[in-house]
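Let's take a walk through a protein fold together, one piece at a time. Keep the picture open and turn it around as you read.

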Amino acid sequence: MRCFSCVKFCSKDVENCDDDVASNEVAVTVDERGNVCKDVTDSISGKMFSSQGADVAHSLTFRELAIATQNFKDDNLIGEGGFGSVYKGRLESGKIVAVKQLNLNGGQGNQEFIVEVLMLSLLRHSNLVTLTGYCADGDQRLLVYEYMPLGSLEDHLFDLEPNQEPLDWHTRLKVAVGTARGLEYLHCKANPPVIYRDLKSSNILLDNDFNPKLSDFGLAKLGPVGDNTHVSTRVMGTYGYCAPDYAMSGKLTIKSDIYSFGVVLLELVTGRKAIDMTKKPGEQNLVSWARPFLRDRKKFVQLVDPLLHGRFSARSVHNMVAVTAMCLQEQANFRPLIGDIVVALEYLASQAETFENHKRLTVDSQPSPSKQEEQHARDQST
Ligand SMILES: Nc1ncnc2c1ncn2[C@@H]1O[C@H](COP(=O)(O)OP(=O)(O)OP(=O)(O)O)[C@@H](O)[C@H]1O
Ligand SMILES: [Mg+2]
């Protein structure tokens, strides 16, 4: 395999992301397609990342993780994905973590493990999940992340429990902004850029304040370097989120991520899943169902999640759907760059906050129903 000589991950734009970028610059060898080279894989189970600071991923033994999860007890199971099961655990230090035990399907699972450890060890941003540790004991491959108490965005948008509050409009915008900032870091600030490749609502994890963090970097690729505009790969990702140009050509660009981001925005607006086989034909693929609405500005508001019960500003919805439509352009060149999306969404989120505050002030200055009732009772008695 021909490899580039060492490629360094570092910040391109330090003034804009001082807080977010780790000072550690680690040399990584990658081949021309963005794959991590075998010699690096060998160092994963060694000391490469173990002594660079408190927040750097540590190598943990299988025994430590079995103790942390009470032997992978069913009660501690918090999720299951295509690559394995996720357990809540407590490390000896007392830190609460999420432990993902990978099913190794041949070499592919191992490759994804390696990419995930490398990517998350080298990239640091407040909108990317932190990798606390990893375990490569014998055949076992486990990833240990910071625990995200509110689970994934998917858990808050779809199939809600009867007692579960739907996300309000402002929170949806907040999630959109944080997700866009995470992607902006990958596309514009990591050097070389990173194409995430698996943006979807189940990979957006939420902290207690609904701040989103991107997780699952096993499919991420180092972006094109030099004059190249794309990297060629086997088409991977998740059906329903995958850009049509990438699906057809296998040519991966940063605009493939923008399309997937558009699908997530559409899920936030509509409360519908990217793919939902329980819906009737014609409504199962969200983007195909939404196309006629996205083409006609007068129909934008019809896309909105009925669970919002009209609690949103029509202008805000209008602008959010306009951004969504741009991200979902069939032609990759016409999709916007993530930096411009961040600016647009940040503006919308700040406006939505003002709208919420204004509404709260208006409601507070009205007599509450109970006060009205008291007044009415008093009127009756005089
Ligand atoms: N760090 C974490 N903190 C809390 N919950 C988590 C964490 N990581 C994963 N989860 C939970 O586990 C679930 C499964 O995650 P996982 O990444 O294995 O699969 P997925 O994203 O649903 O699907 P896929 O395998 O296609 O990526 C998530 O949806 C989330 O609810
Ligand atoms: Mg996931």
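Start with helix α8: the face turned away from its buried side carries the exposed residues S288 and P292. Helices (H or I, at least four residues) and strands (E, at least two) are DSSP runs, numbered from the N terminus.

Which residues of α8 are buried? In this helix, which covers residues 286–294, they are L286, A290, F293 and L294. They sit on the same side of α8 because they cover an arc of only 90 degrees around the axis; that arc is the one spanned by the directions from the helix axis to the C-beta atoms. Among what covers these buried residues are α7 (254–270) and α9 (314–327).

A quick word on the ground rules. This is a predicted model, where local features need pLDDT of at least 70 and side-chain atom pairs count only at pLDDT 80 or more, while totals for chains, interfaces and linings use all residues. Residues are numbered from 1 along each chain as its sequence is written, and chains are lettered from A and ligands numbered from 1 in the order in which they are written.

Now zoom out. The protein chain has 11 helices and 16 strands, and buried residues make up 40% of its 382 residues.

Next, find strand β7. Seven bridges join it to β6 (residues 84–90), and the two run antiparallel; strands pair if DSSP finds at least two bridges between them. G84 has L102 in β7 as its bridge partner. The hairpin of β6 and β7 has five residues between the strands, and in it G94 takes a positive phi near 100 degrees. β7 also runs antiparallel to β9 (residues 142–146), joined by five bridges, and Q101 stands opposite L142 in β9.

Conventions: A residue is buried if 20 or more other C-beta atoms lie within 10 Å of its own, exposed if 12 or fewer, and partly exposed in between; C-beta atoms are placed from the backbone. Two residues are in contact if their C-beta atoms, placed from the backbone, lie within 7 Å.
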